[in-house]
Amino acid sequence: MTDIPSGSVARTTMDKVRGSLSRRHRKQFILQAMGITAISLAFLMLFILLASLISTGHKAFTQTEITLEVFIDPEEISAERLPRGNFDDVLAAALAADLPSVDPNDRAAMRVVGSILSNGAQFQLRDRVVADLSLIGQTIALSVPVSDPYDQLHKGLLDRETPESLRRLDDTQIAFYDRLIEIGAITSSLNTGLLTNADSRFPELAGLKGAIMGSFWALLTCFLISFPLGIGAAIYLEEFAPKNKLSDFIEVNINNLAAVPSVVFGLLALAVFIGWFGMSRSAPLVGGMTLALMTMPTIIIATRAALKAVPPSIREAALGVGASRQQVVFGHVVPLAMPGILTGTIIGLAQALGETAPLLLIGMNAFITSAPATPFDSATALPTQIFIWADSPERGFVSRTSAAILVLLTFLITMNAIAIYLRSKFERKW
């Protein structure tokens with residue numbers, strides 16, 4: 001048997017180790033590169049999404065307005081007839097005064113002139129006159145929104161080079177617009193109506209107030225139902241329930257419910273709350289109850305995880321000094337787990353805020369022109385309002401749809417930021 005020199009064995013082992021290290025380093029580099037690539041692609045997709053929404057939706061945050069010197073003609077508007085009156089004719093006459101080429105006696109031309117103004121302009125004038133009857137017979141300055149085609153033209157969304165037969169505005173109407181721009185009558189201002197107005201069939205008047213209030217009432221209902229029930233169920237299952245087949249069966253079903261598509265909860269609410277109990281469609285109360293069913297499994301799972309994170313030594317120490325089981329749980333364990341419980345609850349509510357399918361099934365996609373004052377009034381929600389606007393044929397709703405998505409994302413990011421803040425502020429390290 002030939003003896004192998006020990007030095008040769010050592011060199012062979014070192015060569016194998018070096019070869020193994022180079023392979024491991026190469027695999028580690030590939031893994032890191034794949035991870036960085038995946039993160040970069042995720043950020044790229046997020047950037048593309050936000051850039052697309054901002055580029056389309058930022059125009060909805062401004063409103064094109066026209067400033068007029070309006071003579072409130074007593075022959076057209078009288079105190080005895082209010083709130084009725086020919087407010088649209090008064091506004092058209094004021095606008096025609098700035099357009100010398102228009103004959104005030106030509107009714108066809110006056111109709112074209114009147115189309116420059118939004119349908120809501122007459123109501124703004126009406127409200128102002130009703131509030132102050134002394135304005136009748138006087139000339140006042142009034143700024144009112146223009147109609148959607150002129151708003152699109154002012155924002156550069158209507159191409160003048162398009163053949164006249166394919167444009168929403170013909171050459172005469174564009175000439176009217178140019179004349180108004182020339183005399184400085186048309187301006188742009190911050191569109192506060194996007195948040196303070198309810199929905200409308202006219203894009204220049206449509207706002208999110210009704211949807212925001214509908215989402216508020218639905219989330220409030222969801223919170224009042226899912227928070228106590230979800231936390232109570234989690235505390236019982238984690239701290240008091242006997243560990244047997246029944247509790248295991250319940251736990252498995254809770255985990256399965258958390259993965260059920262949201263549309264299933266909508267079908268359940270449609271059959272039970274509306275079909276059996278006869279509750280009204282489109283009400284935020286029904287929407288909140290539906291979202292509570294969907295959110296409760298998430299809250300239970302998050303609460304149980306937070307309770308498990310509390311060290312057993314806390315329980316043992318409390319029991320050691322004579323505390324009862326209830327005192328241990330509610331006096332020591334639950335307060336220490338509260339940051340995780342609140343975080344899970346807020347994240348669950350944020351998920352509920354963005355749900356659309358269950359709300360569509362229970363009718364929270366109706367055309368509602370006023371904000372709900374109570375959870376029992378008909379309403380829409382932010383996700384369903386986005387769906388309604390995205391399905392509207394008017395071009396003005398395109399930018400408003402993107403703007404509404406940005407508003408919804410702002411609420412979602414705010415709620416997640418609150419959850420992160422609560423966790424970082426109250427979390428304890430063991």
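## The second largest pocket

The second largest pocket holds about 410 Å³ of space, in a model that is predicted. Of the 23 residues that line the second largest pocket, those closest to its centre are Gln124, Pro145, Asn197, Glu204 and Leu205. Strand 1, helix 4, strand 3 (186–190) and helix 7 (193–196) are the elements that each give two or more residues to this lining, and the largest share, 3 residues, comes from helix 4. By class, the lining of the second largest pocket divides into 6 nonpolar, 12 polar and 5 charged residues.

## The largest pocket

The largest pocket contains about 700 Å³ of space, and among the 31 residues that line it, Asp88, Asp89, Ala92, Met110 and Gly114 are the closest to its centre. Two or more lining residues come from each of strand 1 (62–71), helix 2 (87–96), helix 3 (107–114), helix 4 (121–131) and helix 5 (148–154). Helix 2 gives the most to the lining of the largest pocket, with 7 residues, while the lining as a whole divides into 13 nonpolar, 7 polar and 11 charged residues.

## The crossing of helix 10 and helix 11

The axes of helix 10 (residues 262–276) and helix 11 (residues 284–308) come within 9 Å and cross at roughly 130°, and the two helices are therefore oblique to each other. The crossing of helix 10 past helix 11 is right-handed.

On the helix 10 side, the contact is made by Ser262, Phe265, Gly266, Leu268, Ala269, Phe273 and Ile274, which meet Val286, Met289, Thr290, Leu293 and Met294 in helix 11. Sorted by class, this contact has 9 nonpolar and 3 polar residues, with no charged residues.

Technical notes:
Residues numbered from 1 in each chain as written. Predicted model: local features only at pLDDT ≥ 70, side-chain atom pairs only at ≥ 80, totals over all residues. Heavy atoms only, no water. Axes fitted to C-alpha atoms, helices over the stretch in contact; angles between N-to-C directions. Helix = DSSP H or I, 4+ residues; strand = E, 2+ residues; numbered from the N terminus. Parallel < 35°, antiparallel > 145°, perpendicular 65-115°, else oblique. Left-handed = near helix turned anticlockwise from the far one by under 90°. Contact = heavy atoms within 4.5 Å. Nonpolar A, V, L, I, M, F, W, Y, C, P; charged D, E, K, R; others polar. 1 Å grid on protein atoms, 1.4 Å probe; cavity = no way out; pocket = protein on both sides within 12 Å on 5 of 7 lines; lining within 4 Å. Points joined across faces, edges and corners; volume = space filled by probe spheres on them.
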